[in-house]
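Hello, and thanks for sending this one over. Please have the viewer open while you read my notes.

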Amino acid sequence: MNNTLQQDLNNIENILEQVKQQGIEFLNSLDSVPTSSSNSMTTDRNLNQTGLGSLSALDEFNQRLAPMMIASPGPRYLGFVTGGSTPASIVGDWLTTIYDQNTQAVKAQGGVSALIEIETINLLLQLLDLPKSFLGGFVTGATMSNFTSLAVARQWFGKQLGKDFAKNGVSEPITIFSATPHSSSIKCLSMLGIGSQNFTKIKTIEGNREAIDVADLERNIEALSGKPFIVITSAATVNTADFDDFVAINELKKKYTFWWHIDAAFGGFAACSPKYKHLVNGWENADSITIDCHKWLNVPYESAFYLIKEEHKILQIETFQNSNAPYLGDPLENFSFLNFLPENSRRLKALPVWFSLLAYGKEGYQDIVENSVDLALQFDAFITENESFELLAPTRLNNVCFTLSGELNQEKVNSFLTHLNDTGKVFMTPTVYQNRKGIRASFVNWRTSEKDIEIIIEVMKNIIDELKI
Ligand SMILES: *Cc1c(COP(=O)(O)O)cnc(C)c1O
């Protein structure tokens, strides 16, 4: 064994102890760690001939890199839709690394990590009150979950025309309807050989909405005269957290044959609260659902899962099986995740989720979801009352979409946001909504409290004064 490696092995207790202390310090100071970094770094470090050992590498990390780490898992990072990590999820994540299992087969490969993943999916179905008729698995993010789901949808579409796209390639145009698909779904259409432009944009409901106009969808369906199609719907759009009407879509499902996908990356967690569960009524009838765990479930990156109805199992295997590797066995007899999703070798991504679900239970997640929405509404109240700002859309759940008041201030939106983010006290992201420049604040972090809203409001008022808006 190489000398430095041997020394590290002998010193593992001390090394991990130092990392643990550092972790505790970071987590305990998240409140004051800046939410943005003005530092930059060079990226052309030479690789040394002789290794430094873990502790010297840690020293260099602490000098050069750690000072640039931002508080994105902290309470005032409201950009994109960014969750933090619950204590239990960190436990699970550390142990995932320590145990370093390759989560594939249930039988044959020796370990039980695939069973842990299956158990975790069952726990998630209970959290979200979804039926066991879904089979699920973990992937890196909602993008890959959309990819996995839409890949099976693509295979389904081919089968309706008597074709096997997985084997022979996509030989026919695929009909896809969606009103406000997330950019990642469009990227998936490109990755799947369907074409990012090859979907039909359905109208949204009249007024300030991003949700699908079901009557317009039905007009488009009628025009197909019985040909197959795929519908991509949203459980919370990123701008305004708007939900498509799943009860109405399910009515269409009784009349027409189609693949119904729901991107519920963060909106799916509405199901955790009796107050907001109605937003996803009917979603159990979808063919596939995408849900992110590194957002509202508050587990570390990377973590998401797909749910695909078990009745589509064969289509899923046709899409993802490793058919030219006989040592992997018959995918129907020997269940292995590697025949159901894009990756082969896989981290035990389920473990942080398993820990967090066991640690906090249904009530813990109901509290996180309701707290996020309460805080979004408090922030909404500030935006509504302060004459410098106006809402771009009503706050339907946990995302507040707003801008500076008045058309004349449109040109100042970017500069306001830059000043805001430069304070390092809060972070929000820009958007364009109905042709107006705006700002999004998304509340999903379990740590965010009323005190944070007060800090954010004060910072925003100061910048308004400073910029004389
Ligand atoms: C965040 C998000 C995605 C993409 O998720 P990643 O985890 O970043 O891959 C897809 N859809 C919706 C609605 C999202 O909010």
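1. Ground rules. This is a predicted model, in which local features need pLDDT of at least 70 and side-chain atom pairs count only at pLDDT 80 or more, while totals for chains, interfaces and linings use all residues. Residues are numbered from 1 along each chain as its sequence is written, and side-chain values use heavy atoms, with hydrogens and water left out.

2. Domains. The chain is divided into domain 1 (1-34) and domain 2 (90-357), with bounds that come from an automatic or database domain assignment. Between the C-alpha centres of domain 1 and domain 2 there are 37 Å.

3. The largest pocket. Its volume is about 1,300 Å³. A pocket here is an open set of points on a 1 Å grid over the protein atoms alone, where a 1.4 Å probe fits, with protein on both sides within 12 Å along at least five of seven lines; lining residues have an atom within 4 Å of a point. The largest pocket has 39 lining residues, and Gly23, Phe26, Leu27, Ile90 and Trp94 are the closest to its centre. Because domain 1 and domain 2 both give residues to this lining, the largest pocket lies between them.

4. Who lines it. At least two lining residues each come from α2 (12-28), α3 (54-65) and α4 (87-99); helices are DSSP runs of H or I with at least four residues, and strands are runs of E with at least two. The biggest share of the lining of the largest pocket is from α2, with nine residues. By class, that lining has 24 nonpolar, eleven polar and four charged residues; Asp, Glu, Lys and Arg count as charged, Ala, Val, Leu, Ile, Met, Phe, Trp, Tyr, Cys and Pro as nonpolar, and the others, Gly among them, as polar.

5. The second largest pocket. What volume does the second largest pocket have? About 480 Å³. Of its 31 lining residues, Val81, His182, Ser183, Val238 and Lys295 lie nearest the centre. Two or more lining residues come from each of α6, α8 (183-191), β4 (230-234) and β10 (429-433). The lining of the second largest pocket divides into twelve nonpolar, 14 polar and five charged residues.

6. A helix pair. Helix α6 (residues 142-160) packs against helix α11 (residues 313-320) at about 105 degrees, with axes 9 Å apart, so α6 is roughly perpendicular to α11 (65 to 115 degrees). The contact of α6 with α11 has six nonpolar, four polar and two charged residues.

Note on methods: Axes are lines fitted to C-alpha atoms, for helices over the stretch in contact, and angles run from 0 to 180 degrees between N-to-C directions. Angles under 35 degrees count as roughly parallel, over 145 as roughly antiparallel, 65 to 115 as roughly perpendicular and the rest as oblique. Grid points are joined across faces, edges and corners, and a volume is the space filled by probe spheres set on the points.
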